[in-house]
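I opened a notebook page for this structure. My entries follow the order in which I looked things up.

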Amino acid sequence: MAHRIVTLPGDGIGPEIMAAAEQVLGELGDFQLEEQLVGGASIDAHGTALTDEVLDACRGADAALLAAVGGPKWDTTDPAKPRPEQGLLGLRKGLGLFANLRPVRPSPALLDSSPLKRELIEDTDLLVVRELTGGIYFGERGLNGDTAYDTCVYSEAEVERIARVGFELARRKVTSVDKANILETSRLWRKVVDRVGAGEDTPLEHMLVDNAAMQLVSRPAEFDVILTENMFGDILSDEAAMLTGSLGMLPSASLGDGSGPGLFEPVHGSAPDIAGTGTANPLAMFGSVALMLRHGLAMENEATALESAVDRALGDGLRTPDLGGDATTEAATRAVVANL
Ligand code: IPM
Ligand code: MG
């Protein structure tokens with residue numbers, strides 16, 4: 001039976017890179033695609049960034065593939081107005097996707113495209129395991145007159161389940177990143193990760209987040225799994241993305257306890273400045289399709305084939321503008337399809 005995938009093109013360059021993804025999927029198997037609205041596109045149609053119908057459609061699918069949400073049209077500081085990002089957070093929370101995986105592996109052809117020296121990134125192959133449904137993203141927040149607050153909350157159970165994912169996926173070691181010299185949530189985090197780590201063979205180290213930000217650019221190849229909470233993971237994964245040469249290269253998988261579908265999306269945003277120009281880099285989107293094939297649909301061979309095709313296309317010289325070239329989204333898609 002064909003795998004059922006809900007596609008969520010979203011905003012900005014989203015529809016352009018989703019069209020590219022659909023073309024690639026067409027080469028890889030039999031998929032039943034159902035397109036739905038999310039983000040600004042959903043706000044325009046329904047006044048909310050995510051409707052219950054769309055969330056239900058995702059629940060009923062084998063996987064959800066999202067391109068990007070957001071744009072200046074919906075930017076607002078009014079807490080009463082809907083924001084596109086709420087669609088994304090609603091999907092993550094609504095589908096119970098607590099584990100966000102962001103693999104960072106510079107393609108051999110791009111070793112000179114990174115702002116860091118080739119020698120530094122050559123052996124980099126790391127995985128950010130970001131907790132995705134807790135912490136300051138989902139704690140109580142408010143605005144009282146001239147004072148605002150956001151609360152960071154973690155329970156032991158929330159830390160424990162993401163720590164288990166980190167150890168499961170580690171090959172050499174787990175680096176747990178926190179701010180335990182300041183934050184109570186980080187001290188709880190450290191205690192629980194220690195407890196989980198005690199029952200594992202994989203070595204565990206703890207690192208403060210400011211130090212981790214520095215080590216990511218000074219010796220990125222030392223890292224294997226970076227296990228961290230929601231907001232630290234958000235920030236560190238953008239930093240780590242640049243090791244690959246461009247934020248346009250980094251894919252992600254968001255997974256739950258395995259009982260429902262995962263959500264797969266590039267780490268980059270909707271790039272409103274280049275939307276409609278046909279020049280968006282679709283490679284992070286293809287990487288996200290590969291993660292969907294691997295983690296969401298148990299199609300490891302197809303996932304590897306797609307990743308290799310991307311590497312070969314880059315090896316042949318494929319460069320979109322974010323990588324210093326002039327390939328269009330369409331040309332990039334053709335190059336990858338030709339290598340499949
Ligand atoms: C990401 C994005 C989102 C996040 C935004 C769009 C809400 O930056 O997936 O990293 O902060 O999680
Ligand atoms: Mg981010």
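Ground rules. I worked from a predicted model, where local features need pLDDT of at least 70, side-chain atom pairs count only at pLDDT 80 or more, and totals for chains, interfaces and linings use all residues. I number residues from 1 along each chain as its sequence is written, and side-chain values use heavy atoms, with hydrogens and water left out.

Entry on helix 4. I looked up which residues of helix 4 (residues 85-94) are buried, and found Gly87, Leu88, Leu91 and Arg92. Buried means under 20% relative accessible area, with a 1.4 Å probe and protein chains only. They cover an arc of only 130° around the axis, so they lie on the same side of helix 4. The arc is taken from the directions from the helix axis to the C-beta atoms. I then noted their packing partners, including strand 1 (3-10) and helix 3 (52-59). Just after helix 4, I found glycine 96 with a positive phi of about 65°.

Entry on helices 11 and 12. Helix 11 (residues 300-315) packs on helix 12 (residues 329-339) at an angle of about 120°, and their axes are 8 Å apart. I listed the contact residues (heavy atoms within 4.5 Å). Helix 11 gives Leu306, Ala309, Val310, Arg312 and Ala313, while helix 12 gives Ala335, Val336 and Asn339.

Entry on threonine 333. I located threonine 333 in helix 12. Threonine 333 counts as buried because its relative accessibility is 2%. Leaving out residues up to four places away in sequence, I found that threonine 333 touches Ala20, Gln23, Val24, Pro282 and Phe286.

Notes: Chains are lettered from A and ligands numbered from 1 in the order in which they are written. Buried means under 20% relative accessible area, exposed over 50%, partly exposed in between (1.4 Å probe, protein chains only). Helices (H or I, at least four residues) and strands (E, at least two) are DSSP runs, numbered from the N terminus. Axes are lines fitted to C-alpha atoms, for helices over the stretch in contact, and angles run from 0 to 180 degrees between N-to-C directions.
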